[in-house]
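Please consult the sequence and structure shown here while reading.

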Amino acid sequence: MARESDYGAFVEKFILQPSSSPHELPLKGLTFAIKDIFDVDGYVTGFGNPDWKRTHSAATATAPAVLAVLRGGATCVGKTVMDEMAYRLELNTLFLVEERLPVHPQTVICINGENKHYGTPKNPCAPDRVPGGSSSGSAVAVGAMLVDFALGTDTGGSVRVPASYCGILGFRPSHGVVSTTGVIPMAQSFDTVGWFARDADILGRVGRVLLNLPVVEPVKPSHVIIADDCFQLLSIPSDRVIRVLVKSVEKLFGDHIVKYVCLGDYVKDNVPTLKPFFGEGNEDQEYHIASLVALSSALRLLQRIEFKNNHNEWVTKVNPDLGPGISERDFGILAIPVVPRPPPKLQTETSTLEKFIARDFSLLAVAGVSGFCQVSIPIGTYDNFPLAVSLLAKHGSDGFLLNLVQTLEETLKEQIEVA
């Protein structure tokens with residue numbers, strides 16, 4: 001059980017020293033932690049479940065993503081707690097019931113951050129609320145200032161959501177641009193290695209190491225699109241979130257680059273193959289954006305199939321103890337909420353959470369299906385809960401997006417003060 005003194009963030013502590021170099025390394029002097037889904041030579045990758053750890057051997061190589069930041073000069077201090085098998089579902093039902101997969105599966109990638117075996121890391125921003133998952137311990141370690149940055153994975157939201165809930169920065173890169181070798185797969189078509197930091201400078205430095213990017217001058221965005229319908233899903237006044245971002249963008253780049261669109265209509269008109277995934281009851285615009293719920297349903301179905309294909313043999317053999325509920329170069333930006341609500345209370349009943357899932361994943365699915373990079377940016381608090389907004393850029397525009405976060409950081413802080 002993780003100790004209270006470290007916010008319950010760590011499942012195992014150790015020291016991996018950085019590589020020595022005669023040159024000044026970009027991450028020199030920084031400490032980091034890694035989600036217990038990354039292989040480290042000589043350690044068993046626990047995958048958030050003690051039966052998994054018991055039935056697997058120690059890794060014989062370290063994941064390239066971990067090696068990259070070690071070679072960049074950072075020191076690893078341990079592995080962090082994660083949701084078991086990175087899933088929020090009744091795993092026994094998923095694997096053992098042989099029936100046709102539903103179009104709208106209720107078994108979904110975890111975004112709460114709770115783990116019955118190792119405990120739930122304490123959210124440093126809201127101790128009575130979940131930290132978000134499945135990269136819960138990594139987010140908490142950064143938010144509680146136990147490390148300078150941390151590595152996680154994001155398949156359906158597992159970096160973006162805990163970053164939002166813990167009031168820190170979280171980056172999901174474009175799909176396929178950071179190696180996932182040495183990372184236990186969830187759903188390879190959507191798996192990414194992401195990272196957390198408290199400030200934009202460290203977020204960018206880590207990103208440039210992982211993405212092997214040179215330091216370049218920031219580029220002005222050609223336009224910033226506000227998905228107005230997505231912000232209407234928020235459980236707080238949407239203007240509180242939109243105003244901070246828009247005022248910052250206008251101050252830095254001018255109001256002419258800000259545009260407003262209805263993302264749901266755009267997706268409906270431009271992705272006709274989603275039609276089979278439209279379900280009855282999703283047309284209520286007050287609670288859902290039907291086309292984005294359909295997008296989410298398609299994504300979750302594919303993720304579920306890939307997860308089952310990856311791990312069915314082990315679950316059937318071991319019968320593990322599983323917890324419940326387990327073109328022209330364009331510099332445009334799309335702004336949407338990370339999720340539409342503040343972090344739920346700890347130990348909230350699954351039945352209560354289910355009604356929010358469609359809205360959560362309708363927003364999270366945009367980057368998952370498109371392969372775009374996305375960053376979660378903290379923008380203060382509302383009723384003492386952390387607020388965040390997210391920015392997306394086209395696949396391969398990771399360096400541009402990281403630079404933009406650094407450019408916006410100080411102006412966003414100014415706008416948060418007056419919000």
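## Phe 38 and the nonpolar cores

In this predicted model, Phe 38 touches Thr 45, Ala 63, Ala 65, Val 66, Lys 79, Leu 151, Gly 152, Thr 153, Gly 182, Val 183 and Val 193, leaving aside residues up to four places away in sequence. A second, separate core comprises 23 residues, among them Phe 190, Val 267, Ala 294 and Leu 301.

The largest nonpolar core holds 75 residues, of which Phe 38, Phe 149, Trp 195 and Leu 391 touch the most other members. In soluble globular proteins, nonpolar side chains tend to be buried together.

## Helix H6

Helix H6 covers residues 200–211. Because 10 of its 12 residues are buried, H6 is largely enclosed by the rest of the structure. The buried set includes Ile 202, Leu 203, Val 206 and Arg 208. Partners of these buried residues are helix H2, strands S6, S7, S8 and S12, and helix H12.

At the N-terminal end, Asp 199 caps H6, with a side-chain oxygen 3.0 Å from the backbone nitrogen of Asp 201. After the helix comes Asn 212, which has a positive phi near 55°. The end C-alpha atoms of H6 are 16 Å apart, in agreement with the 16 Å that its 12 residues should span at 1.5 Å a residue.

## Helix H12

Helix H12 comprises 21 residues, 398–418, and reaches 30 Å from its first C-alpha to its last, close to the expected 30 Å. A bend of about 40° occurs at Glu 409, and Glu 409 is itself one of the buried residues of H12. Others in that buried set include Asp 398, Phe 400, Leu 404, Leu 408 and Gln 415.

How values were computed
Residues are numbered from 1 along each chain as its sequence is written. This is a predicted model: local features need pLDDT of at least 70, side-chain atom pairs count only at pLDDT 80 or more; totals for chains, interfaces and linings use all residues. Side-chain values use heavy atoms; hydrogens and water are left out. Helices (H or I, at least four residues) and strands (E, at least two) are DSSP runs, numbered from the N terminus. The expected span of a helix is 1.5 Å times one less than its number of residues. The bend at a residue is the angle between axes fitted to the seven residues ending there and the seven starting there. Buried means under 20% relative accessible area, exposed over 50%, partly exposed in between (1.4 Å probe, protein chains only). A nonpolar core is a set of buried Ala, Val, Leu, Ile, Met, Phe, Trp, Tyr and Cys residues joined through side-chain atoms within 4.5 Å. Contact means heavy atoms within 4.5 Å. A polar contact is a pair of N or O atoms within 3.5 Å; within protein, one must be able to donate a hydrogen and the other to accept it, and residues adjacent in sequence count only if both atoms are side-chain atoms.
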